[in-house]
Amino acid sequence: MRPSRVTIGSILVWCLATMVNVAFSADDAATVGQPAPVQDVVTLKDGSVIHGEVVEMTGGLLVIKSALAADLIKVKWSEVSKIAVSHPIPFHLKEGTILNGTVEEGDPGTMKVKAGPTGDTMTVPMDAVTQVNPVIQSPVIYTGSLNAGYSQSTGNSSLRNISVLGDLVARSEQLRLTLLGRYVYGDNSGSLNVRNARGTIKLDFFITKRFFWFASAYVENDFLQNLKLRTAIASGPGYQFIERGDLSGIFKEMTFYTEAGATYFNEDYRDNRLTDDRASFRARVAMKWDWPLFDGRVTLYHYNEIFPSVQNASDFFFTMDNGVRMKILAGLASGFQVTTRYNNRPPAGTGDTDNLYLLTLGYAFDTTRKR
């Protein structure tokens, strides 16, 4: 006896319904079987409880990534009563010990750290902790850039301009080495328009976290000003008014320092029939300001050096750089800089003020470690 078409159809519908129910049941079981991620718990002295992920604690501030949003919550470490951390992170203690492990809640003002390969539990007073999971910087941090610009025209005019700019800062806990260099060349149909080269090397020795003593040398050559070599050897005190992390928000990466000292200032000229060589003792006053924005993608900067005469304050030489540097991709960067140079006793046949506008493309780097 042949089964009817209705019977066969009913069997097929029943089979499909059974398969769907089994599939949904398996998905529900899988969902139920997946444990919810364990969150860190921070209890404050006022009774507030924060759930999320403990990121770090430096400078007395505990940073927690909220479980409810991607926001970072910052609380004073001194206001924390209890803490539980589910993932192993390093805890730095006052005596120099570093415990790497998870944490269970203890009595108010204490925490139980499970550290070491054996997972032994140690009770640690919370006021004995100086840092939690800090970003460890390398002993020497390097920042700097190398940029170049080139333009050329042919036809009715034959102009060529070349510029190269470079800077390097190497900073350790006690020393800071600064190197600055620039070369500019321009001609018109083979006739020289500009050829200038200058450089600065400076070493800072930090006596305290802010106060330092510097020694510097400034050198410059300018063909069209008959200048063979301008040299300024200086030394004196300086002070770091703003360091990275002193401020918050968009100002958190800003740095600013000033310095002043005594200088031996010397100018040698190619043709002494036009200008006599000069040597004098002068003062040196300088300042440097850097403001990285948007995670360092844009940096505004200012740097100047002033060399007033000790005998005559109205006699001085002044140089200043103002600019902006923008990161394009990875280390590729473009920059625009305005350099102003003023000499109230210029060489014969030249003016007292020079302004140079440079648009460049190059490479910028910063080895500072960030989370």
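Before we start, one term: strands are DSSP runs of E at least two residues long, numbered from the N terminus. Keep in mind that this is a predicted model, where local features need pLDDT of at least 70, side-chain atom pairs count only at pLDDT 80 or more, and totals for chains, interfaces and linings use all residues. Residues are numbered from 1 along each chain as its sequence is written, and side-chain values use heavy atoms, with hydrogens and water left out.

**Stop 1: the nonpolar patch**

Select L175, L177, L179, I201, L203, F205, I207, F211, W213, Y239 and F241 and show their surface: together they make a nonpolar patch of about 960 Å². (A patch here takes residues with over 30% relative accessible area and no salt bridge, and nonpolar side chains, meaning Val, Leu, Ile, Met, Phe, Trp and Tyr, are joined within 5 Å; the areas come from the Shrake-Rupley method with a 1.4 Å probe, and for residues only the protein chains shown count as cover.) Now switch to cartoon view. Strand 12 (175-188), strand 13 (191-206), strand 14 (211-222) and strand 15 (227-242) each give the patch at least two residues. Click on F241, which sits in strand 15.

**Stop 2: salt bridges**

How many salt bridges are there? The count comes to 21, where a salt bridge is a side-chain nitrogen of Lys or Arg within 4 Å of a carboxyl oxygen of Asp or Glu.

Select K202 and E259 to see one of them, with the closest N and O atoms 3.3 Å apart. This pair links distant parts of the chain, as K202 is in strand 13 and E259 in strand 16 (residues 255-269), 57 residues apart. K202 is buried at 1% relative accessible area, and E259 is buried too, at 3%.

Next, pick R341 and D222, whose side chains meet at 3.0 Å, N to O. Are they buried or exposed? R341 is buried, with 10% relative accessible area, and D222 is buried with 5%.

For another setting, look at R273, which forms a salt bridge with D271 at 3.0 Å between the closest N and O atoms. R273 is exposed, at 77% relative accessibility. Then select E220, D222, R230, E267, R278, R341 and D354 together: salt bridges with shared partners join them into one network.

**Stop 3: a pocket**

(On a 1 Å grid over the protein atoms alone, a pocket is an open set of points with protein on both sides within 12 Å along at least five of seven lines, while a cavity is a set where a 1.4 Å probe fits but cannot get out; lining residues have an atom within 4 Å of a point. A volume is the space filled by probe spheres set on the points.) Strand 21 (353-366) gives the largest share of this lining, 3 residues.

**Stop 4**

Finally, select Q225, R341, N343, D352 and D354, the closest to the centre of the largest cavity among its 13 lining residues. About 60 Å³ of space lies in there. Here the largest share of the lining, 3 residues, comes from strand 20.

Definitions and conventions
Patches are made of residues with over 30% relative accessible area and no salt bridge: like charges are joined within 9 Å, nonpolar side chains (Val, Leu, Ile, Met, Phe, Trp, Tyr) within 5 Å. Helices (H or I, at least four residues) and strands (E, at least two) are DSSP runs, numbered from the N terminus. Buried means under 20% relative accessible area, exposed over 50%, partly exposed in between (1.4 Å probe, protein chains only).
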